[in-house]
Amino acid sequence: MNQIAICTAFLKLGLSSFGGPTAHIGFFREEFVKAKRWIGETDFSYLLAICQFLPGPTSSQLAFAIGMRQGGSIGAYAALLSFSLPSILVMTFLGIGYSLDILSLSYLAISGLSSVAIPVVGVAVFTMYKTFCTDNLEKLIFLCISIITIYFDLIAYPLIILITGWLVGLLFLKEVPLEDSEIVAVSNLNKYHVYTVILLGIIAFLTLNFFAVGSDYNLFRQLFNTGFLVFGGGHVVLPLLQGPFINSGLVSKEEFLLGYGIAQAIPGPLFSFASYLGSLTYDSTVFNKLLYGFYFLIFLYSSTFVLTPIALYFWSRLSKSRIFKKGLKGVNIAVSAILFSSYLVFVIPSIVNNEWAIAFTTLTLIFILILKFPIWITVLLMGCIGYSIDKFLLI
């Protein structure tokens, strides 16, 4: 496939996919399954399941996987870069502007922007639920997995949930017929690419954890290891970065929360928050701020670069197993339960946390669900409303 077409499609999503990783999945499905028909519903659900199994940013890994499927290794990196670039630029220049006292944003403006995520993510979650849970037994399994996930606080460990879903599918659900033509094609994946990322991953791990010294390398190690060890995407990973940055005094709590709020309010992946931290942490030249923003991104995204090609490579072998395929329907239901649980536990509480946030969320629901305003218009409106209230009505 033409790499330009891949870049164009993912750049469009990078500019328009508000709502964080849960909503991004819905946007990807609408764009690549329904509109462009680059990938079938079955293939999409399996690629999503693969990415849910992996630690790191799920929506970025899914972009990488779809790009890999459509355009090989070059297509994978083109898709990831195009999808991430808009949010990376916003977060980088936010960090530079804030650290140099060029830019300031009010809390209410950020709250207004963030409120758009509530209906956007909610619609995405409901769409995935309708797709994967089509009869009463599947809906009951969805409900049970969701309750167990929330009650036992398993959202940060989706691997456990997905394995449970696969076992439930294997034991209780009918096998979904899967022709060879429906199996995710990974012929575009060069095995030497896989060998290379394995080697580079091992070298980076050993270097950062056993040989590197100094304050910079400590931060690089924290970002690198966090990307590999934490499941659940940006909503889980970003709060865990508070320790290395806030507790150490590198950034203030207010600066951290400002970036976290903006990362949730703008389109694109939440992991772009790393570029904000890099450009904010180092009070030196603009060039150094840009450089460290780039470094922080590379180390936090390492799990995507290393694990996604490996997972796709071995998928083609696992997908030929009849027993493995029989449980995949349960995996799809478990994915829906993870998205629903993340919405209830992470997305809503992180945004709707005071009276103003409740008011902004109500307005957003009216604009998007009742008046059918486009998301980008709603974002502009809510940002202006929040800023105006803070500037002109509050003293």
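Predicted model: local features only at pLDDT ≥ 70, side-chain atom pairs only at ≥ 80, totals over all residues.
Residues are numbered from 1 along each chain as its sequence is written, and side-chain values use heavy atoms, with hydrogens and water left out.

The protein chain contains 20 helices and zero strands. Helices (H or I, at least four residues) and strands (E, at least two) are DSSP runs, numbered from the N terminus. Of the 395 residues, 55% count as buried; buried means under 20% relative accessible area, exposed over 50%, and partly exposed in between, with a 1.4 Å probe and protein chains only. A contact means heavy atoms within 4.5 Å. Among contacts between residues at least 6 apart in sequence, 75% join residues at least 24 apart.

A nonpolar core is a set of buried Ala, Val, Leu, Ile, Met, Phe, Trp, Tyr and Cys residues joined through side-chain atoms within 4.5 Å. The largest such core has 106 residues, and those with the most contacts inside it are Phe10, Phe28, Phe32, Leu62, Phe273 and Phe296. Helix H4 (residues 58-99) supplies the largest share of this core, 13 residues. A second, separate core has five residues, including Val194, Val197, Ile310 and Tyr313.

Val194 and Val197 are also among the buried residues of helix H9, together with His193, Gly201 and Leu208. Seen down the axis of H9, these buried residues fall within an arc of 95°, so they line one face of the helix. The arc is that of the directions from the helix axis to the C-beta atoms. The face of H9 turned away from the buried side carries the exposed residues Tyr192, Leu199, Phe210 and Phe211.

Helix H19 (residues 355-370) can be read in a similar manner. At its start, a side-chain oxygen of Asn354 reaches to within 3.1 Å of the backbone nitrogen of Trp356. The buried residues of H19 are Ala357, Phe360, Thr361, Thr364, Phe367 and Ile368. They cover an arc of only 125° around the axis, which puts them on the same side of H19. These buried residues pack against helices H5 (107-114), H6 (117-132), H18 (328-351) and H20 (375-393). The face turned away from them carries the exposed residues Glu355 and Ile370. Just after H19, Lys372 takes a positive phi of about 60°.

Key: Polar contact = N/O pair within 3.5 Å; in protein donor to acceptor, adjacent residues only side chain to side chain.
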